[in-house]
Amino acid sequence: MVQSWSEKRFRILVAIVMAAGFTQGLLIPLLSTLLEQQGVSSSINGLNTAALYLGILLFAPISGWLVPRWGYRKVIVTGIVMTTVAFFLFPLTTSMMAWVFLRFMVGSGDSMLHYATGLWITSTCPSGIRGRRISQYGLSYGLGFGLGPLGMNLLSFGQWVPFVVMGVLLAVVLALTMMLEAGAPPTEKKEHRERAQLGEIYRLGLVALCPAILYGFLEACLSGSFPVYGLREGLSTAWISALLSAFVWGSLLFQIPLGILSDRFGRKQVLMTVCTLGAVGMSLVPFFMGRPTMLLVLFALTGGLIGSLFSLGLAFLSDILPASRLPQANAIATAHFSVGSMVGPYIGGTLIQYWGGGSMFYFLAFTLLGFVLLALFYRPSDKTGTPVTSKVA
């Protein structure tokens, strides 16, 4: 049975996902810095980072299986405990293989709590405010992710300090989580209780599932490959970091306004609009590589437009799928994001190596326009052949 909407529950879930964003925002640059200081090559360093996304990818379907059996709170608690334990174990070893396993553990824990918190919000939130609430959810994660790297300043007090501080913060979040009710996802009526088929979810929700892989691909491609392009074009590391930060903070600034607009005008219409404008922004980047100030504005605006793809996609899924299909659909969306995050840097790096940095941004623009065309022409139908339309889009 679907629980009624609760503001208190929403605030706690937002705090949980903000802490999850902080863990990822801190862990990725922190371990990369420590491995670089140990003399580990950049390629091996990158593979080490991939362990986190591998954990997210593999545990997305497991989370979809666990939530209906354990309930929301137990899955969230398990995820927080796994992440907390990993953070306390990091300072105890400098073994790269041990850190690979611990990163995988963090990714697995984050996957569980992301999945459960996102599904809990989308499956209980009234449709009239769903876009606003899921955008606040996305904003909270992005804010945590953006603040995470600041924790690297704690290294001056000792290598173990950032890990322990993060572990204590997660322990506090765990205490908040224990204040939640157990929670249970929506279930189908008896005559419709058969297991949802993957094909049905893709048939009905294909357009809503694409933003997740798009966002993962765009985010990882920019963060992993743009520094290479920027350095080759003569940009300083300070400008590169400022540009990437502008992309992130732009996305945070636009999260809630775009969520409100999607409540009013429809999720699909807003997604198509932001992807069209985002494609224009991406295609303009190569023309301004020699003008970093213009790039800063362009990155902030483009990031603001396409930075809400993942959260708007989740809200769109809730609009067009039956409530009982949401656990599986959210797991698929999380897996899509992880796949995009893993292949983004490789494809971006390959394009830069063989065709130059501009080709990467033209390819990103092409993928965004490809989604617009898919959303424009794809018309799913139910088993009777009747076109399926969104309740709000």
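These legends describe close-up views of a predicted model.

The model is predicted, so local features need pLDDT of at least 70 and side-chain atom pairs count only at pLDDT 80 or more, while totals for chains, interfaces and linings use all residues. Residues are numbered from 1 along each chain as its sequence is written, and side-chain values use heavy atoms, with hydrogens and water left out.

**View 1. A nonpolar patch lies on the surface.** The patch is formed by Leu54, Leu58, Ile213, Val339, Met342 and Val343, which together have about 400 Å² of accessible area. Accessible areas come from the Shrake-Rupley method with a 1.4 Å probe, and for residues only the protein chains shown count as cover. Patch residues have over 30% relative accessible area and no salt bridge; like charges are joined within 9 Å, and nonpolar side chains (Val, Leu, Ile, Met, Phe, Trp, Tyr) within 5 Å. Two or more residues each come from α2 (42–70) and α12 (326–355). Helix α12 gives the largest share, 3 residues. Helices (H or I, at least four residues) and strands (E, at least two) are DSSP runs, numbered from the N terminus. Leu54 is placed in helix α2. Leu54 counts as partly exposed because its relative accessibility is 34%; buried means under 20% relative accessible area, exposed over 50%, and partly exposed in between (1.4 Å probe, protein chains only).

**View 2. A salt bridge joins Glu7 and Arg133.** Side chains of opposite charge can pair when their charged atoms come close. A salt bridge is a side-chain nitrogen of Lys or Arg within 4 Å of a carboxyl oxygen of Asp or Glu. Here the N to O distance is 2.6 Å. The two residues are 126 residues apart, with Glu7 in helix α1 (residues 7–37) and Arg133 in helix α5 (residues 130–147). Glu7 is partly exposed at 33%, whereas Arg133 is buried at 15%.

**View 3. A salt bridge joins Arg9 and Glu181.** The N to O distance is 2.9 Å. Arg9 is in helix α1, and Glu181, 172 residues apart from it, is in the loop between α6 (161–177) and α7 (198–232). Arg9 is buried, with 5% relative accessibility, whereas Glu181 is partly exposed at 34%.

**View 4. Asp263, Arg267 and Asp319 are linked in a network of salt bridges.** In the pair of Arg267 and Asp263, the closest N and O atoms are 2.7 Å apart. Arg267 counts as buried at 0% relative accessibility, and Asp263 counts as buried at 17%. The whole structure holds 4 salt bridges.
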